[in-house]
Amino acid sequence: PAVTKENNCLNAAKACNLNDTCKKYRSAYISPCTSRVSTAEVCNRRKCHKALRQFFDKVPPKHSYSMLFCSCPTAHQSACTERRRQTIVPVCSYEDREKPNCLSLQESCKTNYICRSRLADFFSNCQVEPRSLSGCLKENYGDCLLAYSGLIGTAMTPNYLRLSHLSVSPWCDCSNSGNSKEECDKFLEFFTDNLCLRSAIQAFGNGTDVGVWQPAPPV
Amino acid sequence: KPRRNQSHGCVLKQVHLNVTDLGLGYWTKEELIFRYCSGPCIDSETNYDKILNNLTHNKKLDQDKPARTCCRPIAFDDDLSFLDDNLVYHTLKKHSARKCGCV
């Protein structure tokens, strides 16, 4: 029998269900994200995405971030990391039958007003600066986490990758990139290997840098 | 629509529970606030209830025992979702009271 460790992601879910607002908006996205609509489709993705955006819009970061950015200190604490991965109900909101090329996913994101502006926010607020102590060019973890969570519920919805510590990615890869392989890799690495975003998530999980958790609303 | 009467005897109460305490067969470590209606409804009894009282007492209804005014939810709380130990989500509807009344 393994030694029982605190599961921060479970604790965040408990705290959410004890708070009326968080509980309400949590079940308001879990319902559409887990309701099968036909034999062919596991859910109505459009409704699931909309309810997810509403969850992150309406629920105070204290609760929503605690679930999305909960820390799972032990690398093999799968009960914790799997729960964190399940936060956005990936089977509906994230995974798809095929993995598109990231650049074509970016193109389809650009055709949607919400997705386009939120992706731009993410690239601007989570920009890496290795020489800065924070790892971020803008030195504001709160804005980076806000921009990242803003992508959830768009075509660019990111999630944690399995078997990888704090590495995130949208549902796409860089196969079939042709001449644009380098550009595609750069785009994908902004998610999977982003020092600023990783530090921001870690700082939130550790409860350090608590001063910035009242980020300004997105422009 | 059921007849509702306000009564200060019948009130909304709450208790903090584990989802497993509900006995609905779910395996999870998640928790909830369960709200329920409790208290007497004597103040809001109607002639109908008084007649039923008298008729049962005088054995005019054979073996029948129709229910009297009762403290029940007249509105339910928002749905509750949780993730079980096998990483499956569940959503409970109409599981917890929001507003009580003597009906």
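**Entry 1: a salt bridge between the chains**

I started with A:Asp20, which forms a salt bridge with B:Arg35; their closest N and O atoms are 3.4 Å apart. I noted at once that this is a predicted model. I then asked how many salt bridges the rule finds across the interface of chain B and chain A. The count there is 5.

I looked up polar contacts next. Between chain B and chain A there are 11 residue pairs in polar contact, both residues being at pLDDT 80 or more.

**Entry 2: the side of chain B that touches chain A**

I wanted to know which elements give two or more residues to the side of chain B that touches chain A. They are strand 2 (31-38), strand 4 (80-83) and strand 5 (89-92) of chain B. I sorted this side by class and got 7 nonpolar, 4 polar and 8 charged residues.

For the whole contact I wrote down 18 residues from chain A and 19 residues from chain B. The two chains bury about 1700 Å² between them, and 55% of that is on carbon and sulfur atoms.

**Entry 3: B:Arg35 again**

I went back to B:Arg35 and looked for a partner within chain B. Its side chain meets that of B:Asp77 in a salt bridge, at 2.8 Å from N to O. B:Arg35 lies in strand 2 of chain B, while B:Asp77 lies in the loop between strand 3 and strand 4, so the pair ties together parts that are 42 residues apart in sequence. Are B:Arg35 and B:Asp77 buried or exposed? Both are buried.

Salt bridges join A:Asp20, A:Lys23, B:Arg35, B:Asp77, B:Asp78 and B:Arg98 into one network.

**Entry 4: B:Phe82**

I picked B:Phe82, which is placed in strand 4 of chain B. I counted B:Phe82 as buried because its relative accessibility is 0%, and the cut-off for buried is under 20%.

I listed what B:Phe82 touches, not counting residues up to four places away in sequence. From chain A the list has A:Asn17 and A:Arg26. From chain B it includes B:Val19, B:Tyr26, B:Thr28, B:Tyr89 and B:Leu92.

**Entry 5: A:Glu82**

A:Glu82 lies in helix 5 (residues 78-86) of chain A. It counts as buried because its relative accessibility is 16%. Leaving aside neighbours within four places in sequence, A:Glu82 is in contact with A:Arg162 and B:Leu87.

**Entry 6: the nonpolar cores**

The largest nonpolar core has 57 residues. Which of them touch the most other members? They are A:Phe69, A:Phe122, A:Met156 and A:Leu197. Helix 11 (residues 195-206) of chain A gives the most to this core, with 6 residues.

I took A:Phe122 as an example. Not counting residues up to four places away in sequence, A:Phe122 touches A:Ala147, A:Tyr148, A:Leu151, A:Phe190, A:Phe191 and A:Leu197. I also found a second, separate core of 7 residues, which includes B:Cys10, B:Cys71, B:Cys100 and B:Cys102.

Over all chains the rule gives 16 salt bridges. I looked up two of them in chain A.

A:Asp57 forms a salt bridge with A:Arg118, the closest N and O atoms being 4.0 Å apart. This pair links distant parts of the chain, 61 residues apart: A:Asp57 is in helix 3 (residues 45-58) and A:Arg118 is in helix 8 (residues 113-125). A:Asp57 counts as exposed, at 55% relative accessibility.

A:Lys181 forms a salt bridge with A:Asp185, with closest N and O atoms 3.0 Å apart. They are 4 residues apart in helix 10 (residues 181-192) of chain A, so about one helical turn separates them. A:Lys181 is partly exposed at 41% relative accessibility, and A:Asp185 is partly exposed at 26%.

**Entry 7: a loop residue**

I finished with B:Ala67, in the loop between helix 1 (47-57) and strand 3 (71-76) of chain B. B:Ala67 is exposed, with a relative accessible area of 67%. B:Asp49 is 18 residues from B:Ala67 along the chain, and their C-alpha atoms are separated by 8.7 Å.

Conventions:
Residues numbered from 1 in each chain as written. Chains lettered and ligands numbered in written order. Predicted model: local features only at pLDDT ≥ 70, side-chain atom pairs only at ≥ 80, totals over all residues. Heavy atoms only, no water. Contact = heavy atoms within 4.5 Å. Buried area = accessible area lost by both parts, 1.4 Å probe. Polar contact = N/O pair within 3.5 Å; in protein donor to acceptor, adjacent residues only side chain to side chain. Nonpolar A, V, L, I, M, F, W, Y, C, P; charged D, E, K, R; others polar. Core = buried A, V, L, I, M, F, W, Y, C linked by side-chain atoms within 4.5 Å. Buried < 20%, exposed > 50% of the residue type's maximum accessible area, 1.4 Å probe, protein only.
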